[in-house]
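Okay, thanks for coming, everyone.

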Amino acid sequence: ELARAEAMDESDPLHWAKKDIVSALTAASVGAAMQEHEHALAATALALSADAAERVRDALPASVADRLMPHQFVAVEAALKHRHLLFADEQGLGKTIEVLASLEATASWPAVVLVPAAAALKWAAESRTLLPLRRVAVRGGGVGKRDQGCDLHEADLVVINYESFAQHSAALAGIHPMALVADEAQYLKGYDSARTKAVKEFLGKAGVPRVIAATGTPVMNRPAELLTLLTVLPDLLSSLGGFVYFAARYCCATLRTTTWASYWDYTGAANLEELAVRLPASGGFLRRQKSEVLPSLPKKRHETLQVQLSNAHEYEHAVADFRSWLNTRPLKQKRSRGRGRSGDVDGGEVEGSSAALTWINDVADIDADRLYPDDKQEALRRIAALRQLTGEGKVSAAADLMCKIAGEEKVVVFAHHIAVQNALLAKAVAEGIKAGAFTGAPGAAARIRP
């Protein structure tokens, strides 16, 4: 307004130039405001117009488009418009499918997907289901050879956990990826963390044109953590004013001086209400709530998450020992045809889990029904011990997933073995999550813990 007033002051010898500048700035300001308004609406949109949805369908195979829910079409359209994206939909709204469909619509192959270790096999399975023609490779610590998929240089999609990324980054740069996806992108909130440095260095050296960050928790403890994440999404950061502006405006960037060094302190927070408005208006950001999308979601969804056992060596050794023991057991004679089903000619059948007995048939290639009763009981006991080993081997992955969900909403976890329940409860307490447990331990006091 001051510039407008000065421009209208004809006594000013430069009033003629100021009029043109004010006119141009006014037009640009109106245009930018309209664009930001459109971005803000798109950031929370639950569906596209019929014409826009049809354009997205045209960019996808029919088998993929038919699986997308209305709010997921919005995410794919955003990918068609922006190179750098932050998918921040609430937990449970299908960000994995949004990302895969976005990569397919933009033909961003090959692509590298960074995931927590517990999610690597889930991502691979989801990718093969949604995009059966795309070749998938899985790399990283703890991934068995049979789960690694195709050769790295033949892969369209490479799934790798954050912890292993640095040691594989040179090989991944060699495949010249067209996109990098950071699933659970809050893993990159630490500016000085090794994983964040590795990702930023990789993006710079490999020149990856498209970056998608996916997280259900975009609002972290301090704006500085969001700023760190935005440094891997430079287009989005630029639309928020750039690093220096963001740091000064929202992080209260302050130069600190000590007796041995000077450094910038970004741990402050300011203008948070403004940031909450600016982020959706910036473009390349999506955040939809489950309560809003709920009417279009299926009533209940079941999902199996495959993970690597943390005690895989111990488990395989126990299986080998069990197999050796089974192969030393004497077996009963089969009944002749016409005398009923094969079994113990002396009677004394032992009740056991049919699934467990079928597993015995597979692991040792014997007919479990031909075991003598005492041996069958011992076999079932050993199988129960193996089950507990698998439960204990999944604790680390399950605890990570539990804590991630608990950071966004309440979660109920069921576990068969008390040792596993105790380990999960201890992890929740260590992470500062308010948790209670109901176990099968005897006595009311032992069953419920605060």
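This is a predicted model: local features need pLDDT of at least 70, side-chain atom pairs count only at pLDDT 80 or more; totals for chains, interfaces and linings use all residues.

Let's start with a definition: by salt bridge I mean a side-chain nitrogen of Lys or Arg within 4 Å of a carboxyl oxygen of Asp or Glu. Residues are numbered from 1 along each chain as its sequence is written, and side-chain values use heavy atoms, with hydrogens and water left out.

So, how many salt bridges does the structure hold? The count is 20. One of them pairs the side chains of E36 and R278, at 2.7 Å from N to O. E36 sits in helix α2 (residues 15–43) and R278 in helix α13 (residues 272–281), so this pair ties together parts that are 242 residues apart in sequence. On helices and strands: these are DSSP runs, H or I with at least four residues for helices, E with at least two for strands, numbered from the N terminus.

Is E36 buried or partly exposed? With a relative accessibility of 31%, E36 counts as partly exposed. The cut-offs there are under 20% relative accessible area for buried, over 50% for exposed, and partly exposed in between, with a 1.4 Å probe and protein chains only. R278, on the other hand, is among the buried residues of α13, together with L275, L279, P280 and A281.

Next pair: E163 and R195, whose side chains form a salt bridge at 3.6 Å, N to O. Here E163 belongs to helix α8 (residues 162–173) and R195 to helix α9 (residues 194–206), 32 residues apart. E163 is partly exposed at 48%, and R195 is partly exposed too, at 29%.

Then there's R256 with D265, where the closest N and O atoms are 3.2 Å apart. R256 is partly exposed at 36%, whereas D265 is buried at 15%. There's also a network: E104, R134, R135 and D156 are joined by salt bridges that share partners.

E184 is buried, with 9% relative accessibility. Not counting residues up to four places away in sequence, E184 touches P116, Y162, A214 and K404; contact here means heavy atoms within 4.5 Å.

Now the helix packing. The axes of α10 (residues 223–230) and α12 (residues 242–250) come within 10 Å and cross at roughly 170 degrees. That makes α10 roughly antiparallel to α12, the label for angles over 145 degrees. Axes are lines fitted to C-alpha atoms, for helices over the stretch in contact, with angles from 0 to 180 degrees between N-to-C directions. P223, L226, L227 and L230 from α10 meet F243, F246, A247 and Y250 from α12.

Last stop, the nonpolar cores, meaning sets of buried Ala, Val, Leu, Ile, Met, Phe, Trp, Tyr and Cys residues joined through side-chain atoms within 4.5 Å. Which residues have the most contacts inside the largest core? L60, L103 and L157 do, in a core of 44 residues. Beyond its neighbours within four places in sequence, L103 contacts S108, W109, A111, L157, A179, V181 and I212. A second, separate core has 43 residues, including A43, A198, V211 and L229.

Methods
Angles under 35 degrees count as roughly parallel, over 145 as roughly antiparallel, 65 to 115 as roughly perpendicular and the rest as oblique.
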